[in-house]
Amino acid sequence: MTTCIILPTYNERENLERLVQKIAALHLQEYELCVVDDASPDGTSEVAHTLSQTYPIHVCDRPGKLGLGSAYIEGFRYAMSQGARTILTMDCDLSHDPDDLPRLLEAARHADLVIGSRRVKGGSILGWSWWRTLASAGAMMISRTLLGIRTHDVTSGYRCYRRETLERIPLTSIQSNGYSFLEEILYHIERLGLRVVEVPVCYVDRTNGKSKLGTREIVKFFITIVRLKYGARAKT
Ligand SMILES: Nc1nc2c(ncn2[C@@H]2O[C@H](COP(=O)(O)OP(=O)(O)O)[C@@H](O)[C@H]2O)c(=O)[nH]1
Ligand SMILES: [Mg+2]
């Protein structure tokens, strides 16, 4: 396997099959999907296991809702253990268009991390409520200003990491377990001076199922900014 696509899932039963079919239709070379499911009450895992009889899918079944950040880490560990050279992450709700995958993979030939970005020229967000748009723009501005992150789309979960990039990040040192995992790992990658490239994507809000981003996660996002900023000061 050269490419591993990690799909964290929590109650994505209605979306998983369509996404898997769309990815299969791309005929990528030597790829495997890694579904990391947190015992979704809607039975996503059973759907994943059934699909794995037809498609190249590995299912990581976890005993409960352990969080998005740790789901990514679980997926990274699996991908690395299988020798993957490029490791992608994408949401399982069809917000991330699989047709963008080849562009992300192509960009990864010359970058350490590629971000499917909604916040560069050509990128867009469709279907968000005004408060989500506002909250996201505010979070982005604050994290970029306070942490000095140069990437425009800090919280995009549509990413392509080169194996070597993940090898340089001590994954156990990442304390965020939820959505702020994305800003924390990006912060470390930029601080190492690695090349981050943003590829414009159009993000379409989910039509099936519910978002798992709650107020708690938003609060944790800001706490993470403070923690990282404080840690950075202490080191210098
Ligand atoms: N395994 C796992 N997946 C999660 C968890 N929280 C969210 N996800 C998945 O992460 C992806 C992004 O979550 P989503 O709710 O769509 O967030 P949003 O797009 O920011 O509203 C989706 O595929 C979710 O099913 C979790 O605690 N564990
Ligand atoms: Mg989503």
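Two residues are in contact if their C-beta atoms, placed from the backbone, lie within 7 Å. The model is predicted: local features need pLDDT of at least 70, side-chain atom pairs count only at pLDDT 80 or more, and totals for chains, interfaces and linings use all residues. Residues are numbered from 1 along each chain as its sequence is written, while chains are lettered from A and ligands numbered from 1 in the order in which they are written.

**Exercise 1. The whole chain**

Describe the contacts, the overall dimensions and the secondary structure of the chain.

*Solution.* 
- Step 1. Residues 24 or more positions apart account for 83% of them.
- Step 2. Turn to the dimensions. The C-alpha trace spans about 50 × 35 × 35 Å along its principal axes.
- Step 3. Compare with a globule. The radius of gyration is taken over C-alpha atoms, and the rule is 2.2 Å times the number of residues to the power 0.38. For 236 residues a compact globule would have a value near 18 Å; the chain has 17 Å, which agrees.
- Step 4. List the elements. The chain has eight helices and nine strands. These are DSSP runs numbered from the N terminus: helices are H or I with at least four residues, strands are E with at least two.

**Exercise 2. Burial and the core**

Find how much of the chain is buried, then look inside the largest nonpolar core.

*Solution.* 
- Step 1. A residue is buried if 20 or more other C-beta atoms lie within 10 Å of its own, exposed if 12 or fewer, and partly exposed in between; C-beta atoms are placed from the backbone.
- Step 2. Apply them. Of the 236 residues, 42% count as buried.
- Step 3. Define the core. It is a set of buried Ala, Val, Leu, Ile, Met, Phe, Trp, Tyr and Cys residues joined through C-beta atoms within 7 Å. The largest has 56 residues, and Ile5, Ile6 and Ile87 have the most contacts inside it.
- Step 4. Follow Ile5. Beyond its neighbours within four places in sequence, Ile5 contacts Ile23, Tyr31, Leu33, Leu88 and Met90.

**Exercise 3. Helices H3 and H7**

Work out which residues of H3 and H7 are buried, and what covers H3.

*Solution.* 
- Step 1. Start with H3. Its buried residues are Leu68, Gly69, Ala71, Tyr72, Ile73, Gly75, Phe76 and Ala79.
- Step 2. Find the cover. Among the elements over these residues are E1, E2, strand E3 (57-61) and H7.
- Step 3. Move to H7 (residues 181-191). Eight of its eleven residues are buried, including Phe181, Leu182 and Ile189.
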